[in-house]
Amino acid sequence: QNPDKMELLFKKEKLYGRDNEETLITDTFCRVTGGKSEAFFIGGFSGSGKSMLVDTLRVSVKNVGGYVIKHKFDAMSQERPLSGVLSAVNQLCLKIKRRLSPRHLSALSKKLEDDFGDDIGLLARMLPNVCVLSSECGSRAGQMEDGNNSAKTNARSVSFTLLRFLRLVSSPRHPIMLFLDDLQWADDTALDVIHTFLSDRMGSCIFFVGTYRDNEVHASHAIFDLLQKLETSNVPTTQVPLTGLDQVDLNKLISDALCLFPRICKSLTDIVFQKTKGNPFFVLEFMQSLQSRGLLQYDSCQKRWVWNEETIRAEEITDNVVHLLSSKMNQLSNDMQLLLKVMACIGTSTNESVISYLSESPEYSGVRNGLEEAIIGGFVASNEEGFIKFVHDKVREAAYNLIPDKDKRQLHYNLGKTL
């Protein structure tokens, strides 16, 4: 096989060095299926594997008849503090619709109409997707708008209305895992709603999982206020810190990637650990940078990967993952760079329809080709529903850094005008 075409065999779906944490989050969820809501907080640096740890639970939740709903906060979230929670619960409506038989869907529709009565229109305004569960919701929402109803949808009203809905759709047989990512961007308004959900004693069954970058929050952040309130309300709460992988687990990861015995990789692992402090995402990018720079090569005669420790130690290789990614992106095609810049301006994710629309404009005609290249290159991921997102926050940060500071405002303006 051509050594230039050999790839590092990273097992990206495997969670290294987190056995204890995986057991802890699984055991916590099992308690929730007994009928009592709990909270689980995971703190750690960006790239430490917080989201991947949470994702290990998805199959278990589905197997017991539960639902997983997720929202990822960003720097703009505080301008729309309740939109994240509303978006997550709005997703839930579609998941329930896909899961229920016509008979069970009809029963749920009747429960919604009986429980909410005239307030069902207010629910539909908050959760537009609830109309797939009850046709009555859509007509009532229309009546409220036609009548210029002045009902306030403030935080307290939103909390109470959503809680009433969650009481109807969650149970020990159908627990709901609400996963809110990047809580460092959330404010007290959104987290107060979470407290309302979890402190409920009238039948809701919710497993709340919140992740945050613990190096980016201060002692007065709303996260710690929420933790205090949950303790006061006697809501069982677990806190787990994720640090970098230790050298033993890191050596297992590198051994798997190189298909070599761990004892052979140990010298390389020591260098990688020194540079990355065991941060899993940084490790992947760092190893790929070694390969792209010819410092890690596949020797077809020996039929194994080889490297020169002294050469690697002597090389000036950045110990900042964003700088590493930015350097990598500077070598990409113009179309791919354009796509990455555009997506970085939009946010952490967008839809293929938006990219298609932009590609019809002469200024952004290359984004369609750029999207295909970016998916192949592993910078963004897509699903069957046309949803595309950066594979990691640091990839988006590096992509945004491709835009000179003096051009950022103009690019945002031009995109907004085109869309």
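Leaving aside neighbours within four places in sequence, which residues is V61 in contact with? I will come back to that after the overall picture.

This is a predicted model, in which local features need pLDDT of at least 70, side-chain atom pairs count only at pLDDT 80 or more, and totals for chains, interfaces and linings use all residues. Residues are numbered from 1 along each chain as its sequence is written, and side-chain values use heavy atoms, with hydrogens and water left out.

First, the whole chain. The C-alpha atoms fill a box of roughly 75 × 55 × 45 Å along the principal axes.

Of the 419 residues, 47% count as buried. Buried means under 20% relative accessible area, exposed means over 50%, and partly exposed lies in between, using a 1.4 Å probe and protein chains only. As for contacts (heavy atoms within 4.5 Å), take those between residues at least 6 apart in sequence: 74% of them join residues at least 24 apart.

Now back to V61. This residue sits in helix α3, residues 58–63. V61 counts as buried because its relative accessibility is 0%. Apart from its neighbours within four places, V61 is in contact with F29, G66, Y67, V68 and M177. P175 is 114 residues from V61 in sequence, yet their C-alpha atoms are 7.7 Å apart.

M76 is another case. It lies in the loop between β2 (67–72) and α4 (83–99). Its relative accessibility is 44%, so M76 counts as partly exposed. From M76 to Y298 is 222 residues in sequence and 44 Å in space, C-alpha to C-alpha.

Last, helix α12, residues 262–276. Helix α12 has a kink of about 40° centred on L268; the bend at a residue is the angle between axes fitted to the seven residues ending there and the seven starting there. L268 is also buried, as are C265, T269, I271, V272 and T276. The buried residues of α12 pack against several elements, including α11 (247–258), α13 (280–292) and β6 (296–299). Just after α12, K277 takes a positive phi of about 55°.

Definitions and conventions. Helices (H or I, at least four residues) and strands (E, at least two) are DSSP runs, numbered from the N terminus.
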